[in-house]
Amino acid sequence: MSPVQAPPANDPTKSSMNWADDVDDEDAPRIEERDEGNGIKVIIEYRTNAEGKKVKITRRIKRTLIKTKVNHEVAERKGWVKFGQEKGKPTGPHSATTTVGENVLLKMSAGNKKAEPEVDEMDKVRKQLADKKIQCRLCKGDHFTTKCPYKDTLEAIPGAGGAETPEGGDGTLTPAAMDLSNPAVGASAGGSGGKYVPPSMRAGAKGAGEKMGGGPGGGSASRDDLPTLRVTNLSEDADDDDLRELFSRYGRVIRVYVGRDRETGICKGYAFVSFESREDADRARQKVDGKGYDNLILSCQWSLPRGERPA
Amino acid sequence: MRPILLSGHERSLNQIKFNREGDLLFSVSKDNIVNAWFSHNGERLGTYEGHNGTVWSVDVDATSTLLITGSADNQMRLWEVSSGKCLFVWEFNTAAKRVAFSEDSTQVLVVTEARMGYRGAVQVFRINRDPDTWTEQSKQPTRTITFSGPKATVAAFAPLDQYIVTGHENGKVALYYHDEKDPETGIDAELEEKSVDAHGGEVITDLQMSSDRTYFVTSGKDKSAKLIDTKTLQIIKTYATETPLNSASIHPTKPYIIVGGGQEAMNVTTTSARQGRFETRFWHKVFEEECARLPGHFGPINTIAIHPAGKAYASGGEDGYVRVNWFDPGFFNSKLYGPDLELSLEDQ
């Protein structure tokens, strides 16, 4: 430890020094050290704090020597002389090369922490299109409709689709149209008399367009079919991961939706959790309902489908 | 757990290695310095200077007297651990990508790169361990295995130095019989005893033996690590993560595999640290489940080493830091799967 630094105020050499150093010296804290025995050391520090007040900081440090037994060879290696870039440096770690990092917590827990495998969006599209074939709407051959050799002859026949198809009369296939699961194509291929049917009205409609509207007639089937729990009285700090962690112990969680304030993004106190199986969901409902979580008592009920929900 | 950060390198780490007692840690990186550290407090013992290029690989012998390094300046160097003196230099036609001592430390294997018309190869050298004459080493390899197909990226000696295991750029793991008395030189197709496609065509980034060398773990860019039996090359366990892996290591006393990796270094600037998944992950060796993650590095983790007694582990990253983590007592006391499923001490 550095010894007590007495500011040499009337040192003659001082006057010739830079004024900046002078100020530094006045600010330098006065440190007193005292040994209390038993390995306890008291360090008292007097300094001026940010508000210009004088403060006294007393620190009591106890040093305990921890002895560990090591192999003879290890003990011998500790006495090795430093070499290379460390040549001539004193023993002990040097702050230029060695620092102590922030405390990290290694929490071991059973069960896979792996979230649902993350799918690359591009991969998904590519995979979807991989087994889709280009199909001509006129002759069902594997070419674009515009390239159809029977274009002129078949287009005139009403039953063969042609100009009335929803994808536009020019007959070109956009990538979305190539996707046969897309209701637009499905409907036209299904031969609904060539009449335009809005996507939401189509039988078995289930496509990207539905997700937005989620009207009572069609769509959102996959969402409502899943056994879903409504969790209320949640804390503001709760997020998707917290809920996933809370519920995944009862079964496989498919989807977590946390109601958030549109502006601030903080939790509004409710969330929906969808499970894969109804039994798991029921078990989770019984266990979580009334459970204390983050100083609040959770309430957990079955989520009612949109239609049955009281307005 | 407070990690000790070692910042003796200016560039990304390539390999780190504990010595047999675990009191010393050696690290090599893309700058041309080899560092030696005391693992208990992170004090740097010294540096080994002489290489003129990226140092790809490092290994220390069982008695911590000799150190071997392989570098991109086409050299393999032998050093005296205690003094930092370079004892001998071997020159090759291409870079030395991986070096490893045999179990009895009398032989050294080196994997050389396939480049400039030269084929990749594994060469084995006999090491003269006599302190009076150890500056004189044989320049002639005792055997050379040349790879006609995909080059090897990693290699190690199997138990009792009877076999050499290699990991290849196409995900293949191969086994070669090694007889010290009658070493056979030739091309891989003739000498290969067994092989297995462990990583589905992707490059194998690391291969580390268990403490008794009867099985080993490989990590690959196919985002998985595999536990493989040394004798039969049977894949015992698979640890499938969601990020390309650069290193994997087997904990000697607890049933864990520590793996590290992250997104490719070239893409790092385009993603946040969280997305890049630059954490070390602890996988249960038997149940193939991820048990913990430990963040810390600001870039992909390039190399992981575990203290031979299992008390600590160190990871070296693309960010140029080595982090040494000494495990808390809680790590050793935890019984994740209940007392019944905990392995008894003699089985670990």
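Biologist: How many helices and strands does the secondary structure of chain B come to?

Modeller: This is a predicted model, where local features need pLDDT of at least 70, side-chain atom pairs count only at pLDDT 80 or more, and totals for chains, interfaces and linings use all residues. Residues are numbered from 1 along each chain as its sequence is written, chains are lettered from A and ligands numbered from 1 in the order written, and side-chain values use heavy atoms, without hydrogens and water. Helices (H or I, at least four residues) and strands (E, at least two) are DSSP runs, numbered from the N terminus. For chain B they come to 3 helices and 29 strands.

Biologist: What share of the 348 residues in chain B is buried?

Modeller: Buried means under 20% relative accessible area, exposed over 50%, partly exposed in between (1.4 Å probe, protein chains only). Among the 348 residues of chain B, the buried share is 60%.

Biologist: In chain B, what share of the contacts with a separation of 6 or more comes from residues 24 or more positions apart?

Modeller: A contact is heavy atoms within 4.5 Å. Of the chain B contacts with a separation of 6 or more, residues 24 or more positions apart account for 47%.

Biologist: Take B:Thr144. Which strand holds it, and is it buried or exposed?

Modeller: B:Thr144 is in contact with B:Ala121, B:Val122, B:Gln123, B:Glu184, B:Thr185 and B:Gly186, leaving aside neighbours within four places in sequence. The residue lies in strand S13, residues 143-146 of chain B. At a relative accessible area of 17%, B:Thr144 is buried.

Biologist: How far apart in space are B:Gly262 and B:Lys223, C-alpha to C-alpha?

Modeller: B:Gly262 sits in the loop between strand S24 (256-261) and helix H2 (273-276) of chain B. B:Gly262 is buried, with a relative accessible area of 1%. B:Lys223 is 39 residues away in sequence, while the C-alpha to C-alpha distance is 9.2 Å.

Biologist: Which residues of chain A lose the most area to chain B?

Modeller: The contact takes 36 residues from chain A and 50 residues from chain B. Buried area, the accessible area (1.4 Å probe) that two parts lose on being put together, summed over both, is about 3,600 Å² here, with 54% from carbon and sulfur atoms. Three residues together give 20% of what the chain A side buries: A:Phe83, A:Leu106 and A:Met108.

Biologist: What is the volume of the second largest cavity?

Modeller: On a 1 Å grid over the protein atoms alone, a cavity is a set of points where a 1.4 Å probe fits but cannot get out; lining residues have an atom within 4 Å of a point. The lining of the second largest cavity includes A:Val104, B:Pro3 and B:Arg323. Strands S28 (312-317) and S29 (322-326) of chain B each supply at least two residues of that lining. Counting the space filled by probe spheres set on points joined across faces, edges and corners, the volume is about 60 Å³.

How values were computed. 1 Å grid on protein atoms, 1.4 Å probe; cavity = no way out; pocket = protein on both sides within 12 Å on 5 of 7 lines; lining within 4 Å.
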